[in-house]
Amino acid sequence: MSIKDRMSGNEAIAYAMKQIEPDVFAAFPITPSTEIPQYFAQYVADGKVSTEFVTVESEHSSMSACMGAQAAGCRAVTATSSAGLAFMYEMLYVVASARLPVTLACVNRALTGPININNDHSDSMGARDSGWIQLYAENNQEAYDNYLQAMRIAERPDVRLPIMICQDGFITSHAVENILLETDEKVKAFVGTYEPENYLLNPDMPLAVGPYDTCPYYMEHKVQQAQAMKNAKQAILDVAADFERTFGRRYGLIEEYCMEDAEAALVLIGSTAGTARACIDEMRREGKKVGLIKIRSFRPFPAEEIAKALSGVRAAAVMDKSEGFSGCGGPVYAETCAACITLPKVPKLIDVVYGLGGRDCRMEDIRRVYDHLYEILETGETGPVYLHMGQRSNEKEVL
Amino acid sequence: MNRITEIRWHGRGGQGAKTACLLLADAAFTAGKYVQGFPEYGPERMGAPITAYNRISDERCTVHSNIYEPDYVVVVDESLLESVDVTAGLKKDGAIVINSAKEPEGFRPLLNGYQGRIFTIDARSISEKHLGNYFPNTPMLAAIVKVSKVLDEDQFAADMEESFHHKFASKPQVIEGNMNCLKESLKEVKGA
């Protein structure tokens, strides 16, 4: 039986960490992820975990410490946000290419500047090419459940990649909501122990980690890394299936809501999915065939699954919670468009950049996007495909 | 349909409006409800206006936006009335609860034409009487439970007592003061 409780997204992650009891937790505090190491430090002080808690002087060092620990054969974890994640950038790539399954709790926050502490996805979206698996949560429950699944996915021999468990800063991280927790015993049994094949502290098999890779080998290693990311798709599905058998809650690469007969759909990531679902319920009662695709795994990107889910849709809006500055739309839009190119009939696709720096997204905002999609369907005119929503402006590229 | 009670808290950084909001979420959870309790953060500094929100319902509420049309508003610091439009969007059949020693109707001219019910509670004197210091959390929490009827009063008092026993396990001497503070607050709410 699951345990009924209530806690914030940050506490849910710290609680999952306590249950898993990783060998090493190295962290430097930054809002809004600070509470995660704060809660965990309390568990350490209270003697509830035997984890080595390493306080470092920067995020570059926290990721370096995680790399050293994981390479030595330990399970290493950290937590960060925004500029903290940016400060790790070099090490994110090093850890991923060294094929070390470190787990990072990312509490999404706008990436400076102007300086802003509130939620958007610009921090982790910037890290999308670093070679990390990225799972996103809609609420505290999903943050907890994703964290319980993270290490099984990352450590699988055909994957061996680091993993980022993302949740929306403040909206999820600081909101207390109901949650179902699992017992320590069941969590430990589900997650299992880390059994690396090769590790630095193995005297029988000495090895080097992170040496210079010459031209004749570099590309082979990069292709292997790319193959590992492809393999991660199946790993995510397999671990989700076992999670459902064990705990009863279902997860996939994407989550579809009312998509069976949808003619207008949204594609988005994170906490806005809940607000969109409430809006869909309202509009369905009015007879509107609207649906939602929530992306759980952004890395690997579920291109086939998204294309299939959109195959029957006539118009869709991709909602990007990061700007991206491509000049032609955000990252989720670009990848969704690329995914749909294989479809015999591509739906009309627009991008709506929204929620930057914590700009609130309300049910009526979601309705405005659907209304806009219906306008496109009625007139047959797609109009501008790269829109921004919610800011003070009268430009036509504003929704 | 899922009936959702929405509450907005106005306070100043450091006064405990966020804590009171989370305590209400706790109490509602204990009563078997689905809850949301979340603060809205700006630049963090003592004394700056802050807002916090509660949604309380019988089924999970999936909406994750701030609350613009609350059923109830709680004002933890009456000096906010000069600078913050605390009744913005407040439903006519809802109510506002203000921490003040003054009579409720005296506030009507300050509430931008708000027509609904006004309540006050003198959290300072109740808190100073029972706790020897000014902690407005418990009185404001009791007042909003009383006014909104979102929880059964007796059950709420019993749940809070248990929660105080847990929270103050290392200093049981403050439990009685907090409970007296809570019980008196349930009685001392003034207004329609």
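Two residues are in contact here if their C-beta atoms, placed from the backbone, lie within 7 Å. By that rule, 17 residues of chain B are in contact with 19 residues of chain A. This is a predicted model, so local features need pLDDT of at least 70 and side-chain atom pairs count only at pLDDT 80 or more, while totals for chains, interfaces and linings use all residues. Residues are numbered from 1 along each chain as its sequence is written, and chains are lettered from A and ligands numbered from 1 in the order in which they are written.

**Confidence**
- The model scores ipTM 0.94 and pTM 0.96.
- Chain B averages a pLDDT of 93 (the predictor's confidence in each residue, from 0 to 100), and 98% of its residues score at least 70.

**Where chain B touches chain A**
- On the chain B side, α1 and β2 (34–40) are the elements that give two or more residues. Helices (H or I, at least four residues) and strands (E, at least two) are DSSP runs, numbered from the N terminus.
- The most comes from β2(B), with 6 residues.
- By class, that side of chain B has 9 nonpolar, 6 polar and 2 charged residues. For the classes, Ala, Val, Leu, Ile, Met, Phe, Trp, Tyr, Cys and Pro count as nonpolar, Asp, Glu, Lys and Arg as charged, and the others, Gly among them, as polar.

**Two domains in chain A**
- Chain A is assigned domain 1 (3–247) and domain 2 (254–388), with bounds that come from an automatic or database domain assignment.
- The C-alpha centres of these two domains of chain A lie 28 Å apart.
- Domain 1 of chain A puts 25 residues into the contact, and domain 2 of chain A puts in 22 residues.
- On the domain 1 side, α6 (122–126), β6 (133–136) and α9 (215–247) of chain A each supply at least two residues.
- Of the elements on that side, α9(A) gives the most, with 5 residues.
- The domain 1 side that touches domain 2 of chain A has 11 nonpolar, 8 polar and 6 charged residues.

**Helix pairs**
- In chain B, the axes of α1 (residues 17–30) and α4 (residues 153–167) come within 10 Å and cross at roughly 110°. Axes are lines fitted to C-alpha atoms, for helices over the stretch in contact, and angles run from 0 to 180 degrees between N-to-C directions.
- α1(B) and α4(B) are therefore roughly perpendicular to each other; angles under 35 degrees count as roughly parallel, over 145 as roughly antiparallel, 65 to 115 as roughly perpendicular and the rest as oblique.
- Asp26(B), Ala27(B) and Thr30(B) of α1(B) meet Phe156(B), Asp159(B), Met160(B) and Ser163(B) of α4(B).
- The residues of this α1(B)–α4(B) contact split into 3 nonpolar, 2 polar and 2 charged.
- In chain A, the axes of α11 (residues 303–310) and α12 (residues 331–340) come within 8 Å and cross at roughly 75°, so α11(A) and α12(A) are roughly perpendicular too.
- Ala303(A), Ile306(A), Ala307(A) and Leu310(A) of α11(A) make that contact with Thr336(A), Ala338(A), Ala339(A) and Cys340(A) of α12(A).
- The α11(A)–α12(A) contact has 7 nonpolar residues, 1 polar and no charged.

- Thr112(A) and Gly113(A) are joined by a cis peptide bond, with omega about 5°, and Gly113(A) is in the loop between β5 (103–108) and α6 of chain A.
- From Arg299(A) to Pro300(A) the peptide bond is also cis, with omega near -5°; Pro300(A) is in the loop between β12 (297–299) and α11 of chain A.
- Arg160(A), a residue other than glycine, has a positive phi near 45°, and Arg160(A) lies in the loop between α7 (140–155) and β7 (163–168) of chain A.
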